[in-house]
Amino acid sequence: MISFRELVNGFREVGLVPGRPVIVHASLSSFGEEVRGGVGSLLGALLAVTNRVMAPAFTYQTMLIPETGPENNALVYGSGGDLNRMAEFYRPDLPADRMMGVLAEALRRHPLARRSAHPILSFAAIGLESALNAQTLEEPLAPLRVLAEMGGDVLLIGVDHRVNTSIHYAERIAGRRQFIRWALTPKGVVECPGFPGCSEGFDQIQPFLAEFTRQTQLGMARIQAVALAPLVKTVVDLLRESPDALLCDSPHCERCNETRIGLARSREVSETEG
Ligand SMILES: [Zn+2]
């Protein structure tokens with residue numbers, strides 16, 4: 001059984017302090033044993049150590065696949081079928097997708113939390129109004145820029161970098177290919193540009209971040225806090241050096257394949273020009 005006190009001590013051990021914001025990604029089951037008080041206790045412990053917490057509260061359940069759209073978008077148009085039929089209308093109180101984990105949903109429901117208004121890629125946060133307000137339809141990951149400027153951390157609780165949304169923000173800065181997706185809203189179908197690629201290959205960043213990572217162990221869960229600004233710089237530098245870094249190995253991955261094709265295309269263009 002993991003206690004509230006152990007959680008608080010763990011978060012202090014990785015260097016969380018009041019005032020310095022964190023974006024948190026967590027798996028409650030990763031502890032391998034019961035957390036006394038469940039997700040409420042986990043969130044309470046986090047808020048006992050820092051007063052500025054954000055989590056992705058993404059709502060993939062609003063997504064639709066249209067019949068037609070722009071080329072090279074890693075999407076088979078017209079293949080929506082059941083997904084389109086089951087799509088939910090975006091609303092500000094729509095629960096976060098289950099993939100976001102129970103901590104993100106608990107944060108979203110917290111009485112002090114606010115949520116940004118993106119119909120797919122919203123963030124929930126306490127004490128981070130300026131970060132939430134930075135988000136636009138065109139710049140869905142702008143809240144992470146604000147967190148980086150504030151000297152924030154990425155906190156990974158029993159999860160690895162495959163869920164680290166901040167790496168997507170760094171990809172965008174580095175000029176990596178972005179996609180367009182569509183959300184069902186009460187005002188109609190909304191086109192959402194700046195949609196990130198696949199994150200299945202992201203844990204390859206781990207060794208490059210060692211010097212900015214503080215970590216501890218709680219039960220079976222590894223707790224890592226990674227300083228956000230150097231994380232972004234490290235990813236940007238890596239992608240400028242090796243443009244196909246951090247892509248996944250699945251031959252069926254539409255977004256990674258499209259990214260590789262785009263890179264090959266731009267190499268051809270620069271060779272022709274050169
Ligand atoms: Zn992939």
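Which residue just after α1 takes a positive phi of about 95 degrees?

Modeller: That is glycine 15. Before we look around it, a word on what you are seeing. This is a predicted model, in which local features need pLDDT of at least 70 and side-chain atom pairs count only at pLDDT 80 or more, while totals for chains, interfaces and linings use all residues. Residues are numbered from 1 along each chain as its sequence is written, and side-chain values use heavy atoms, leaving out hydrogens and water.

Now to the helix itself. Helices (H or I, at least four residues) and strands (E, at least two) are DSSP runs, numbered from the N terminus. Helix α1 covers residues 4–13, and its buried residues are Leu7, Val8, Gly10 and Phe11. They span an arc of only 160 degrees around the axis, so they sit on the same side of α1. That arc is made by the directions from the helix axis to the C-beta atoms. "Buried" means under 20% relative accessible area, "exposed" over 50%, and "partly exposed" in between, using a 1.4 Å probe and protein chains only. Turn to the other side of α1 and you find Arg5 and Glu13, which are exposed. The cover over the buried residues of α1 includes α2 (38–49), β6 (153–157), β9 (213–218) and β10 (221–227), where a contact means heavy atoms within 4.5 Å.

The buried ones are Leu103, Ala104, Glu105, Ala106, Leu107 and Arg108. They pack against several elements, including β1 (22–26), α2, β2 (53–56) and β6.

Back to positive phi for a moment. Most residues other than glycine have a negative phi. With 7% relative accessibility, alanine 74 counts as buried. Leucine 246 also has a positive phi, about 70 degrees, without being a glycine. Its place is the loop between α8 (228–241) and α9 (254–273), and at 2% relative accessibility leucine 246 is buried.

Next comes the zinc ion. Cys198, Cys248, Cys253 and Cys256 coordinate it through their SG atoms, at 2.2 to 2.3 Å. Donors are N, O and S atoms within 2.8 Å of the metal (3.2 Å for Na, K and Ca); water is not among the atoms, so sites may look incomplete. In sequence, the donor residues follow the spacing C-x49-C-x4-C-x2-C. Both cysteine 248 and cysteine 256 are buried.

Finally, step back to the whole chain. There are 9 helices and 10 strands. The radius of gyration is 19 Å, close to the 19 Å that the globule rule gives for 274 residues, so the chain is as compact as a globular protein of that length. This radius is taken over C-alpha atoms, and the rule is 2.2 Å times the number of residues to the power 0.38. Of the 274 residues, 52% count as buried.
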